[in-house]
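Hi,

Here's the structure I said I'd pass on. Have a look at it first, and then read my notes below.

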Amino acid sequence: MAKNQATCDPKRHTAFTLSHNKFQRGSESSCQHGKGEESHYFFLGLVVSPTWIRRVRRSYHLQIALVGSLTLALFLLNPINYEDRDRRPDNVLQQIWSIVIEKIPGPASHFLFGSVLACATFVVACLYFSYKDLARHDSKIQKDWWPSVYDMTVAGLPQVIIYIVVNWISWIMFDYRVDLPQRAPSLFEFARDLTIMLIVGDYYIYFEHRTMHHFPVLRDHIHSVHHEYKKVFSWAGGWVHPLEDLAAVVTQVTCPVVFLHPHPLTFWVFVCLWTLLLVDEHSGHDVWWSPYVWLPFSTGGGGAPHDIHHYKPHTNFGFVFCIWDILFCTMKDVTDWYPGKTDFEPWVGAKDLIPVNGFVPPEGWSLYRSEKLKKNE
């Protein structure tokens, strides 16, 4: 364990435990008001208290209602896209699309072509952040710990092998082809569909994430695999239980495949961008192109806000955006503090990677392994 872990003051540890339990009940959040007598408001003949408003906003039942409403709205709007003959292509996108249908019509017509692009994006993005880790780049958030080559290999190599093998086998077994349109989408259609898919997909995955935390059986036996890392790095983003990996894919493709039916070019860009932002979210770096940096009013997600989730797991569930965390009172503002920056480090606890309270946050595989070897000597 880390030095500050081994030498922590028991009184301070007890204080943190009480604070952590209080935090788990939802009293510590960006929606928390000051102590003292609670004020009430008279609105439309009803007495409304801030506590009641916060409870409603944090309610899991409200989440279910909004997911159902959103899905119903998408069903009623389906389909909203044009037929190929009605498209008015943009010159720039048409040039790109013409290259695709002329040069690679065979691979591009396979319905799993987007999956292959997502796999390639995942590997390239992880290598990009691995370079930043090995170069000790200043964009790192928790600068007291850096993943080693061993950490990256243990987390990354199995994922790369599985993704390549699964895509290869699926490509051969399910040789389903789609008709590629001759015309590219207009810039308006492209931007509109990409925005809808990002917003809807992000809300679906926010709901999926909160569901994993809401039910103990899911949290302790499925989502705890992902929370084995309290200090995340790029390859840790895909370190999930197979069932949760499947659930994440469903949240990603439900809107485009079931409801929206976008142009293939728009869908491919979406899956690549979605995968890139997934890696960014778990990279442990605050890079200049992250949505958190360039979206206004701290509404963008990314490494900076989601890094907090892995040591304060009842906050910052968002992915591409933070608007759902802000709306549902689960947002924890980004600060320059993180575990390990002070002389006392909060620690949930772990023993041989068995979930404790649903989460296993070892300080990286290499450090965990060395400490375990010392104990066995």
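So what does the secondary structure of the protein chain come to? It comes to 16 helices and two strands, where helices (H or I, at least four residues) and strands (E, at least two) are DSSP runs, numbered from the N terminus.

A quick word on the source: this is a predicted model, so local features need pLDDT of at least 70 and side-chain atom pairs count only at pLDDT 80 or more, while totals for chains, interfaces and linings use all residues. Residues are numbered from 1 along each chain as its sequence is written, and side-chain values use heavy atoms, with hydrogens and water left out.

First, the chain overall. Of the 377 residues in the protein chain, 47% are buried (buried is under 20% relative accessible area, exposed over 50%, partly exposed in between, with a 1.4 Å probe and protein chains only). Take the contacts (heavy atoms within 4.5 Å) with a separation of 6 or more: 72% of them join residues 24 or more positions apart.

Next, a helix pair. Helix α9 (residues 187–214) packs against helix α12 (residues 264–281) at an angle of about 40°, and their axes are 10 Å apart. The axes are lines fitted to C-alpha atoms, for helices over the stretch in contact, and angles run from 0 to 180 degrees between N-to-C directions. The two helices are therefore oblique to each other (under 35 degrees is roughly parallel, over 145 roughly antiparallel, 65 to 115 roughly perpendicular, and the rest oblique). On the α9 side, the residues that meet α12 include F190, L194 and I205; among their partners in α12 are F267, F270 and W274.

Also in helix α12 is W268. At 9% relative accessibility, W268 is buried. Leaving aside residues up to four places away in sequence, W268 touches W97, V100, A108, F113, G114 and L117. One of these, G114, is 154 residues from W268 in sequence, yet 5.3 Å away in space, C-alpha to C-alpha.

S298 has a phi near 55°, a positive value in a residue other than glycine, and sits in the loop between α13 (291–294) and α14 (303–309). C329 also has a positive phi, near 60°, and is not a glycine either; its loop runs between α15 (323–327) and α16 (365–376). Are these two buried or partly exposed? S298 is partly exposed, with a relative accessible area of 37%, whereas C329 is buried at 0%.

Cheers
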